[in-house]
Amino acid sequence: MSEGIGFIGLGAIGRPMARHLVKKFGAVVWNRTEQRARAFAAETGATIAPSAVELVRSADVVMTCLPTSREVREVVEATAPAWRSGQLLVDLTSGDPATSRDVAARLAAVGVGFVDAPVSGGTSGAEAGRLTVMLGGEARWVEQARPLVEAFAATIVHVGPVGTGHALKAVNNALLAVGIQAAGEGLAALVKLGVPAAKALEVINASSGRSNVTENLIPQRVVTRAWPRTFRLALLDKDLGIAVDVLRQTRVASEAIVMAKRVFGEARKELGEEADHVELIKVIERQAGVEIK
Ligand SMILES: NC(=O)c1ccc[n+]([C@@H]2O[C@H](COP(=O)([O-])OP(=O)(O)OC[C@H]3O[C@@H](n4cnc5c(N)ncnc54)[C@H](OP(=O)(O)O)[C@@H]3O)[C@@H](O)[C@H]2O)c1
């Protein structure tokens, strides 16, 4: 079945996902900064909705990709009169479970479905249409969302009820953050001991300490000194906050993740809202007086 898709949030990762959807199904888009929507429409042939309300009126399935669940809630509140029974909101934001349950309940009251569908794989995974997507929601809504998500995903897993997709995404990103911090600290020490970063990484990546951080992020972004900006450190700091809440609410020890939250929070203050997540290593390098190369 072909459904009218409306996409809200043409940011760093929203743009490539929306590009796949436009190509496969066609889509109406809306973005807070209109210039971005115009550039996207010129490139892809997508239709621009004059407002978020008009987008919701015209779509069967609305997809959001916004910084946090706070903005998702704002958009849902601002468009409240436009929602009608049978529509579905698929939220691709790395959001927080509690707000999503709230938004889902509000939409359910008017017969609208909600699926949290955060993604993993970064902007390169989004460009390639190879993202991992974790879906939280009722089976009937999840099955409606699945063929649309397939436009940009290689792996799609229904993990549980509303909010569990967001909880899983927060835990995944907490593992990423802990990995960046630990690898940055360990490599800084090794370089100070005279071990070139390339040699240290050659060993680690053939050993049990390897991860996406040591196999891809550090060789491609730190050792090269390229520092591309693809995923804002501010957003990873937000994800750490969600992960800490998830662990506390489930009464599980959260020592490692609380520590990463503190370190990333301090780096966010120092580096600002636009810094990339891997730039935490710049702070570690400065404190250690060494460059990892
Ligand atoms: N980047 C990645 O590699 C990556 C990977 C996985 C998951 N994620 C998650 O995906 C989500 C989006 O990330 P991103 O990197 O695309 O962020 P981003 O580049 O900062 O883009 C954010 C988008 O949200 C819009 N927006 C911000 N505040 C808004 C508001 N109050 N009302 C309406 N629209 C608003 C922005 O519009 P403007 O154009 O007007 O600013 C922009 O389209 C986040 O939850 C992030 O954690 C990102």
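Tutor: A residue is called buried here if 20 or more other C-beta atoms lie within 10 Å of its own, with the C-beta atoms placed from the backbone. Please keep in mind that this is a predicted model.

Student: OK, so which residues are buried in helix α10?

Tutor: In α10, which spans residues 212-223, the buried ones are V213, T214, L217, I218, R221 and V222. They cover an arc of only 125 degrees around the axis, and therefore they sit on the same side of α10.

Student: And what do the buried residues of α10 pack against?

Tutor: Their packing partners are three helices, namely α8 (164-192), α9 (197-204) and α13 (280-288).

Student: Which residue follows α10, and is its phi positive or negative?

Tutor: That residue is R225, and its phi is positive, near 60 degrees.

Student: Switching to strands: which way do the residues of β5 point?

Tutor: In β5, residues 88-91, L88 and V90 point one way while L89 and D91 point the other way, and all of them are buried.

Student: How many bridges join β4 to β5, and do the two run parallel or antiparallel?

Tutor: Strand β4, residues 61-64, is joined to β5 by four bridges, and the two run parallel.

Student: Let's zoom out. How is the protein chain divided?

Tutor: The chain is divided into domain 1, covering 5-161, and domain 2, covering 167-288. Their C-alpha centres lie 28 Å apart, and the contact takes twelve residues from domain 1 and 13 residues from domain 2. On the side of domain 1 that touches domain 2, there are six nonpolar, five polar and one charged residues.

Student: Where does the ligand lie relative to those domains?

Tutor: It lies between them, because domain 1 (5-161) and domain 2 (167-288) both give residues to the shell around the ligand.

Student: Which residues come nearest to the ligand?

Tutor: Of the 26 residues around the ligand, the nearest are G11, A12, R32, T33 and F231. As for elements, those giving two or more residues to this shell are α4 (69-78), β7 (119-120) and α6 (122-128).

Student: Which of the elements gives the most?

Tutor: That is α4, which gives three residues to the shell around the ligand.

Student: Last one: what is the make-up of the shell by class?

Tutor: The shell around the ligand has eleven polar, ten nonpolar and five charged residues.

How values were computed: Residues numbered from 1 in each chain as written. Predicted model: local features only at pLDDT ≥ 70, side-chain atom pairs only at ≥ 80, totals over all residues. Near = placed C-beta within 6 Å. Nonpolar A, V, L, I, M, F, W, Y, C, P; charged D, E, K, R; others polar. Domains from an automatic or database assignment. Contact = placed C-beta atoms within 7 Å. Buried ≥ 20, exposed ≤ 12 C-beta atoms within 10 Å, placed from the backbone. Arc of directions from axis to C-beta. Pairing = 2+ DSSP bridges.
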